[in-house]
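Have the structure open as you read.

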Number of protein chains: 2
Amino acid sequence: MANQTRGGYNGKILRVNLSDGSISTETTDDLFCRKFLGGAGFVTYFLWKELNPGIEPLGPDNKLIFAAGPLTGSLLPGSGRNCIGAKSPLSGTIAKSEVGGFWGAEFKRAGYDAVIIEGKAEKPVYLLIHDGEASIRNASHLWGRNTKETRQAIRDELGDRSIRVAMIGPGGENLVLQACIMNGLYDAAGRGGLGAVMGSKNLKAIAVRGHKAPQIASPERLKELREWLLANMHLVSDEAEYGTGAPMKFWEANGNLPVRNWRDGLFPSVKMIDPQAIKDTIRIGMEGCFGCPVRCKKIVRVEEPYAVDSDYGGPEYETLAALGSNCGIDNLKAIAKGNELCNAYSLDTISTGSVIAFAMECFEKGLLTSKDTDGIELRFGNDEAMLKLIELIAKREGVGGLLADGVVRLAQRIGRGAEEFAMQVKGLEAGMHEPRLKPGLGLGFMVNPHGADHNCNMHDTLYYAMGPKLEELKPLGILEPVPRDDIGPRKVALFRLVQLKEIILDSMGVCNFLPYSYEQLANATAAVTGWDTGIMEQLRVAERILTMARLFNIHEGFTAADDKLPRRYFQPKTDGALADKPLDPAKMEKAKSYYYTLMSWDAHTGVPTPERLEELDIV
Amino acid sequence: MANQTRGGYNGKILRVNLSDGSISTETTDDLFCRKFLGGAGFVTYFLWKELNPGIEPLGPDNKLIFAAGPLTGSLLPGSGRNCIGAKSPLSGTIAKSEVGGFWGAEFKRAGYDAVIIEGKAEKPVYLLIHDGEASIRNASHLWGRNTKETRQAIRDELGDRSIRVAMIGPGGENLVLQACIMNGLYDAAGRGGLGAVMGSKNLKAIAVRGHKAPQIASPERLKELREWLLANMHLVSDEAEYGTGAPMKFWEANGNLPVRNWRDGLFPSVKMIDPQAIKDTIRIGMEGCFGCPVRCKKIVRVEEPYAVDSDYGGPEYETLAALGSNCGIDNLKAIAKGNELCNAYSLDTISTGSVIAFAMECFEKGLLTSKDTDGIELRFGNDEAMLKLIELIAKREGVGGLLADGVVRLAQRIGRGAEEFAMQVKGLEAGMHEPRLKPGLGLGFMVNPHGADHNCNMHDTLYYAMGPKLEELKPLGILEPVPRDDIGPRKVALFRLVQLKEIILDSMGVCNFLPYSYEQLANATAAVTGWDTGIMEQLRVAERILTMARLFNIHEGFTAADDKLPRRYFQPKTDGALADKPLDPAKMEKAKSYYYTLMSWDAHTGVPTPERLEELDIV
């Protein structure tokens with residue numbers, strides 16, 4: 001059994017130690033794969049198992065793990081994804097981030113399911129994984145280059161234009177704590193500062209090329225699922241036509257859109273920056289990830305007042321809000337330029353935009369002055385300042401050095417109550433969706449192991465438990481709608497289900513935009529692996545992964561007190577639909593405790609008991 | 001929606017008040033049926049909803065509920081079952097008992113899903129339900145008669161030999177707390193003293209006749225399941241060839257067989273009373289329940305030294321152990337006679353045998369003397385005494401009156417430490433399977449709302465989590481065997497799953513002997529009802545039902561301290577395979593607490609929190 005290659009897996013983990021240059025391969029058995037699934041599951045398992053508590057995230061003891069799921073690179077639409085994780089330098093928690101594009105599928109075809117990067121290279125290197133062979137190569141000549149130059153140089157050097165590259169730009173090299181890792185030029189593993197970890201290891205890139213896809217146990221069953229999606233493209237018609245953020249105008253109206261560091265509600269010029277505006281002005285096309293017919297990636301080109309290189313794609317919704325409305329900016333071209341810069345420098349647009357918005361508010365409040373900002377008038381709406389700051393952050397120059405460590409550290413330096421409007425949880429800046437509108441999302445921000453990541457809870461897919469969503473939930477026992485503003489026990493139970501579904505997706509390597517039901521996901525896993533699996537097993541695997549992640553954080557000193565939202569969410573917005581609707585702290589605390597209960601952790605401390613760990617085979 | 005008749009249901013609840021003679025019908029809607037399913041679910045719902053805490057179980061305020069499940073009377077093999085419940089006069093807890101035969105299917109065809117009996121008739125009556133019409137009829141002439149005479153008289157009176165009758169004999173009339181309700185002459189709703197509740201209401205019988213089966217949403221899907229079973233009859237070949245108890249000799253060897261009030265292990269003459277011996281000697285045939293091809297019911301005939309009427313069937317395993325080995329009796333004919341008497345008098349063979357075994361041990365210990373027993377030498381192995389006591393118990397005559405209230409009350413009267421070997425939980429005498437061999441079963445005895453019922457946890461089906469059983473469990477996330485003697489967290493999780501499965505079966509109206517997987521059960525529900533349901537929903541419904549039952553008990557004053565086993569299980573057996581294997585009380589307490597945790601109840605008190613109730617829609 002130990003060496004059996006099961007469907008969907010290569011059955012091999014690549015381990016690369018950059019300190020001593022050693023490269024080795026470990027095999028996985030069927031039981032291991034079934035227990036941890038892949039992707040986020042593998043990442044979490046190895047981080048929990050192999051990292052000692054208290055290690056320095058930017059030191060050689062941290063490990064950077066890239067993992068594909070059993071679906072990654074299959075023909076299932078939406079399965080072009082992989083997961084990356086490490087101990088986060090931004091938050092000190094476990095970090096994991098999902099990313100699309102083409103790298104994951106190519107990595108899978110190169111013969112591995114995961115690669116664990118250990119240690120630190122003496123000088124810049126990149127890793128090449130090519131049809132089952134791995135080699136560490138010099139990257140001194142690539143250091144300092146942006147992502148486009150880096151990819152091109154590697155492709156030229158290897159003489160293969162089809163090579164796929166995951167890499168960092170100067171942001172990662174300079175250990176900016178918001179640095180991301182880019183799969184190509186517009187797919188980012190954004191959250192948690194993984195780019196800084198890569199930079200700290202002197203690892204510029206991982207280039208992959210492969211020609212052998214793992215076998216699929218039942219290609220027919222997978223084909224059926226693909227055909228189902230193709231016959232139901234209307235379910236993703238918004239994404240296909242507009243990409244992410246199609247309802248942005250509606251979100252401004254209902255309060256979901258963050259405006260000026262989450263302070264305000266109204267932003268009438270949303271119509272100038274939303275995906276409709278993009279389509280009408282700067283958009284020149286749409287692209288998609290490996291094997292996916294949805295093609296939700298905007299491609300934009302701008303000629304003046306500055307050029308925006310279309311190779312860097314166009315802004316996702318998160319970017320439109322983070323660099324746009326949340327900075328009070330309604331200049332679409334500037335946002336597109338900011339997006340290009342972040343992708344070129346490998347900066348997470350959410351955290352980068354958030355720290356800029358936070359600094360703008362500090363500036364307007366007088367907590368930062370033009371002395372601190374090298375003379376930049378850091379006011380809401382100042383698009384030139386936003387662009388300038390991205391450059392400075394990436395290079396850690398001037399005021400950029402102040403912002404390059406994220407909102408928590410900046411708030412700590414500023415003091416004087418600034419942390420109350422530093423919009424983060426556990427150090428991770430919040431995704432661009434409003435907990436005051438969707439308290440279930442707020443609960444997700446609170447308890448998600450890697451902080452305020454909107455992607456941990458399928459916020460828009462399932463918080464509206466009605467219509468087709470309710471039909472999906474009924475076979476799970478959720479028979480009646482759970483209102484959006486509810487945060488009682490029924491919402492907590494629903495949240496737990498959607499949180500676990502997200503982990504399933506992240507572990508399988510499937511995009512959460514695709515409208516697969518729980519049952520279809522289980523079917524997809526069965527089709528690929530040949531296991532007689534089902535929803536129950538999938539949820540149990542997700543509980544195992546989530547509990548390991550929680551344990552990781554507990555060992556790092558995190559407690560239930562860290563599962564908390566910043567103060568601003570408990571205050572009303574200044575205007576708009578949520579002007580009189582702050583979150584209720586008592587209700588949120590109660591929801592948190594009930595969430596612990598439903599996870600069978602200690603209801604008060606949120607600590608998984610030894611019994612729970614034994615039951616979940618976390619040993 | 002409210003009046004829609006969904007597949008599998010009549011959509012009607014019959015309510016009969018025997019105090020004022022009123023008869024009414026209530027309709028159920030789709031959501032209600034989906035939330036509570038039927039059978040045990042309906043019974044638990046109405047008892048929890050309608051009974052005030054503290055009512056006298058044998059007074060007019062108690063309600064006796066008969067309910068069919070959506071599968072009852074369908075063509076699915078094993079679906080000839082219904083549930084009966086009330087507040088138990090034996091334990092004071094909620095009581096429910098499942099029963100096979102033909103009554104449930106006929107009741108369903110008579111137009112109802114459940115009948116709620118309220119109040120108390122002034123003089124003996126029986127209820128006739130005939131094609132949607134219900135009437136209360138005089139039964140004064142039936143009072144005092146045994147079950148066979150009763151059924152015959154009703155059939156004669158109504159001129160219909162096909163009428164099915166659920167009824168009590170003298171045991172129920174005399175309010176014997178171990179009295180059961182008989183579906184026909186050899187299918188008993190045995191546990192919890194439901195026969196006494198029926199007797200207390202002066203209700204002798206419920207006669208049913210109907211001609212209209214509820215529609216089935218997808219007969220084809222149900223047919224597939226039926227065909228699957230027919231193609232897999234080897235999975236139930238033991239039951240089909242021997243009926244219950246085929247492995248009795250093996251159980252004597254491994255310690256599962258209770259011997260002499262659970263004190264001893266060895267019982268070499270097991271070979272004289274086991275189903276093989278029955279087949280070789282007194283068996284004249286096998287019968288089955290409605291629509292079931294398994295035909296596991298032994299039919300026996302004895303001519304001398306006393307006649308055993310074959311119309312009363314033959315002893316199940318529980319009876320062979322309860323009236324046999326646990327009383328130290330190896331006279332098969334006497335056991336068969338005891339079985340006949342219990343069925344004729346409507347006495348639960350488990351509780352009746354248990355109280356006799358307990359009295360025998362008390363007698364041997366000198367805690368009871370021949371003065372107490374009207375001169376009967378109440379020693380282990382005395383088959384004549386056993387038969388005599390059944391008569392006396394049913395009639396509450398002499399020493400029978402002492403035994404007619406069950407082991408707990410008898411132990412209380414005797415005092416002097418007798419309760420330590422009164423083998424019951426919450427007043428319900430234990431089913432004939434050994435917790436010291438299967439601690440997971442012991443946990444079931446502890447936490448089951450209606451006491452030490454072996455049927456609450458599919459003990460023999462799933463405690464061996466290996467082979468085909470493990471294959472069934474894998475899609476639920478149980479990937480590795482859980483050893484039989486384990487009582488750690490993994491066993492607790494497994495127990496929870498099997499306990500919930502039993503509740504699903506009991507609510508659907510399906511026998512737990514049939515080897516259906518969780519998924520097949522969900523498929524069967526979907527096939528009958530047309531709901532797009534699945535395992536998750538079924539388990540959630542079961543959690544709802546179980547939590548309501550726990551709540552019922554809590555309102556009656558039961559606490560976690562009542563979830564405990566009698567002392568003897570923590571002592572070794574005197575001999576045999578378990579001579580050095582007592583249960584560990586600390587481990588059992590820990591398992592209990594973890595079970596509460598997995599049920600999302602309070603880990604220490606076992607009380608479902610208000611949040612849990614709200615989440616499960618128990619309002």
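Contact here means heavy atoms within 4.5 Å. On that basis, 33 residues of chain B are in contact with 34 residues of chain A. Keep in mind that this is a predicted model.

**How much gets buried**

- The size of an interface is often given as the accessible area lost when the parts come together.
- For chain B and chain A, that buried area comes to about 3000 Å², with carbon and sulfur atoms giving 61% of it.
- On the chain B side, P475(B), L479(B) and M536(B) supply 20% of the area buried against chain A, more than any other three residues.

**Charges and polar contacts**

- There are six salt bridges between chain B and chain A.
- One to look up is K35(B) with E480(A), where the closest N and O atoms are 3.0 Å apart.

**Who lines the chain B side**

- Five helices of chain B each supply at least two residues of the side that touches chain A: α1 (30-36), α20 (489-508), α22 (535-555), α23 (585-598) and α24 (610-615).
- The largest share, five residues, comes from α22(B).
- By type, the residues on this side of chain B split into 13 nonpolar, six polar and 14 charged.

**Aromatic pairs**

- Over all chains, a search of the whole structure turns up 40 aromatic pairs.
- Take Y45(A) and W48(A): their pair is tilted, at 6.2 Å centre to centre with 55 degrees between the planes.
- Y45(A) and W48(A) sit three residues apart in helix α2 (residues 40-50) of chain A, so about one helical turn separates them.
- Buried or exposed, what is Y45(A)? Y45(A) counts as buried because its relative accessibility is 14%, under the 20% cut-off.
- W48(A) counts as buried as well, at 15% relative accessibility.
- F495(A) and Y595(A) make another tilted pair, with ring centres 5.4 Å apart and planes at 55 degrees.
- F495(A) belongs to helix α20 (residues 489-508) of chain A and Y595(A) to helix α23 (residues 585-598) of chain A, so this pair ties together parts 100 residues apart in sequence.
- Both F495(A) and Y595(A) are buried.
- Back with Y45(A) and W48(A), ring pairs link them into a cluster with Y9(A), F32(A), F36(A), F42(A), F46(A) and W531(A).

Methods
Residues are numbered from 1 along each chain as its sequence is written. Chains are lettered from A and ligands numbered from 1 in the order in which they are written. This is a predicted model: local features need pLDDT of at least 70, side-chain atom pairs count only at pLDDT 80 or more; totals for chains, interfaces and linings use all residues. Side-chain values use heavy atoms; hydrogens and water are left out. Buried area is the accessible area (1.4 Å probe) that two parts lose on being put together, summed over both. A salt bridge is a side-chain nitrogen of Lys or Arg within 4 Å of a carboxyl oxygen of Asp or Glu. Helices (H or I, at least four residues) and strands (E, at least two) are DSSP runs, numbered from the N terminus. Ala, Val, Leu, Ile, Met, Phe, Trp, Tyr, Cys and Pro count as nonpolar, Asp, Glu, Lys and Arg as charged, and the others, Gly among them, as polar. Rings of Phe, Tyr and Trp (its six-membered ring) pair if their centres lie within 6.5 Å; planes under 30 degrees apart count as stacked, over 60 as edge-to-face and the rest as tilted. Buried means under 20% relative accessible area, exposed over 50%, partly exposed in between (1.4 Å probe, protein chains only).
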